[in-house]
Amino acid sequence: MPDAAAWLERIRALTLPHPVRVLNVCGGHERTIGMAGLRGVLPDNVVLIPGPGCPVCICPEEDILSAIQLALVPGVIFVAFGDMLRVPANVAKSEIRSLVEARAQGADVRPIASPADAVAIARANPNRQVAFFVAGFETTAAPVAAMLHEGLPDNLSLLLSARRTWPAVALLLNSEAAGFEGLIAPGHVATIMGPEEWRFVVDRHGIPTAIAGFTAGSILAALYSVLRQIAEKRPFLDNCYSAFVRPAGNRRAQDCLADQFDDIDAAWRGIGTIPASGFALKPHWAGHDARLLFPNHLEGVRRRVGDMPPGCDCARVVMGRISPVECRLYGKACTPRTPVGPCMVSDEGACRIWWANGQRPDTADAARQ
Amino acid sequence: MSRITLAHGNGGRFMRELVRDVFARRFGGSVIDDAVGLPPADGIVVVTADGFIVDPLEFPGGDIGSLAVHGTVNDLAVSGAVPRWMTLSFIIEEGFKIDRLDRIAASIARAAADCGVTIVAGDTKVVPNGQGGGLYIAASGIGMRPVDVALGMKAITVGDCLLVNGPVGDHGTAVLLARQAFGLRGDLRSDSASVLPFARAAVAIPGLRFMRDPTRGGIATVANEISQETGFRVLLDERTLPIREPVRGICDMLGYDPLYLACEGRVVAVVDPARAADLLVVWRGLPNGEGAAIIGRVEAGRPRVVLRTVLGGERLLDELEDDPLPRIC
């Protein structure tokens, strides 16, 4: 197996017929690209575009607000993945805008790293209601489905806001201009759902696709595959993460997902509703559905000004339509210290990753992205 | 009585007995006095102050006590001084087990003896249950520096090399694992140690410009301090930066960058490029110095810290924004 440097040499040796834009749909991929400084070492005619791969970024604004209100219900322990805590809802600055601010106001908000933590907290606090904010992609939905399969403590409920990855890519491909000529598909999602989920990109749209793992070497291998497919005009679905991604994926996990969840049309923050892109609890879980258990938690009058704060271009960043530095708030009104939109919050958000790796709006000589 | 009560901080009998039975027994009698005289000595008197909070108080490779000694000693050592005396103030939470306090005091005594420093004065306060993190330690250190040793960032110039005496990120990662946060476990040890042998060896090398211990904020933060103070660009080389595999793996998993994690037994030296290889040989020959490496250089250009990646790409290492690991040192 060639190493990252060898894949890079192969990429440089390719002759491409035209400049190529390659989309990735995984925050983990984008992080690796930034950490390894890949954009600075690739040929100029190859552009890597971060796509809809950050679960925090696409979590609907109304769900964030629901989460904040629910966390403020007296007696409730609210658990969420750490990334969700700082995402701002689009409300006036005088109001409680994030779970972190809710915690500062006395709400019992606890960051967790896995569904097992939520169960453990519920078991340790049998006299309190524990609500678990489940935002994420298939990689989160599958372990949560497994948790449901095992059975839930009576006092644990879910605020479910999980999404499938491929429908967002389908939305891009079905739009007037997809904006990319090659796709690097997410390795962990494919491990669960199987590589076949991405076949439509090749079969229906003729776009070269390769599934990648999370090292720089694996991403460069997938990139080489995509570029070579373009050079040879021979698109196919390549699997560059074959140690983990097996044909048909993890059947047990898929069965679990199908047993516990229904597919629903679901909102993506700033993007709109994407058909069959969300998971909903099966009706028999109604007793653990936080949306049903706490129906009145959305209290008070709220002047909504839209999904995203004024001027925030996160939606176009998420869909790969513009790069982070092209947002006019990037690095000015919006920094990791004072994030305006969700892409600047999560470690998987493109803006946060670009910022962390040194991309600044005012410096041409910054380390190139 | 096996636990600290508010009475142990009231100045009365309980406190006198605690000082006698724990602190004076471990550190020597002079800590009972309110003030102590130090013998006259040659050179420049160097003073440092530091506070220590860590969760958990005991972790693989050390505890808050050894950390307090090493942290204080290292601040003196990297200035070119020889550490001699320390004072320690203990802020103890009501309910703290006296056995545990004694264990930590013993650890302090061991670390101090290893470093050749004497604990000469101390203080004890007790805060009510729930108002402290078990134990906080405030320390001061006094050392002597020869008059002809003058280190500082002003001496740093373009072309100078940066060296580190071992792998980075061990302490931050070990403390994280010791909290058993995120269900993670591992056998990684903190690098908490005195850097005095390394500092003394470096001071003996002509062309040494500056030293600093990369504690909070890690190696990237030291590089940023150098860059901002000198106005030069600092280039770090990922190919030579020593990071242990478990540290790298855990950081990958949790999204941390080891270059920003605290070290407690590491020193960064900036040295004349003509003498960098000499210093590397000397450091590698010291106990626990086998992981020493030349990790970068000072360059002309905008004051930034840039990491040259293994693939030849560049990544800017900015000043730390959020705290990646609260309360680790």
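The model is predicted, so a few ground rules apply: local features need pLDDT of at least 70, side-chain atom pairs count only at pLDDT 80 or more, and totals for chains, interfaces and linings use all residues. Residues are numbered from 1 along each chain as its sequence is written, chains are lettered from A in the order in which they are written, and side-chain values use heavy atoms, with hydrogens and water left out.

Start where the chains meet. Chain A brings 27 residues to the contact and chain B brings 16, contact being heavy atoms within 4.5 Å. Together they bury about 1700 Å², with 51% of it on carbon and sulfur atoms; buried area here is the accessible area (1.4 Å probe) that two parts lose on being put together, summed over both. There is 1 salt bridge between the chains, a salt bridge being a side-chain nitrogen of Lys or Arg within 4 Å of a carboxyl oxygen of Asp or Glu. Asp318(B) and Arg360(A) make a salt bridge through their side chains, at 2.2 Å from N to O.

Now for chain B itself. Helices (H or I, at least four residues) and strands (E, at least two) are DSSP runs numbered from the N terminus, and two strands pair if DSSP finds at least two bridges between them. Chain B has an open sheet of 4 strands in the order E1-E6-E4-E5, with mixed pairing. Strands E1 (44-52) and E5 (118-127) of chain B sit at the edges with a single partner strand each, so one side of each has no neighbour in the sheet. Inside the sheet, E4 (residues 82-93) and E6 (residues 135-145) of chain B run antiparallel, joined by 10 bridges. One of the pairings puts Ser89(B) with its bridge partner Ala138(B) in E6(B).

E1 (residues 20-24) of chain A runs parallel to E2(A), with 5 bridges joining them, and Asn24(A) stands opposite Pro50(A) in E2(A).
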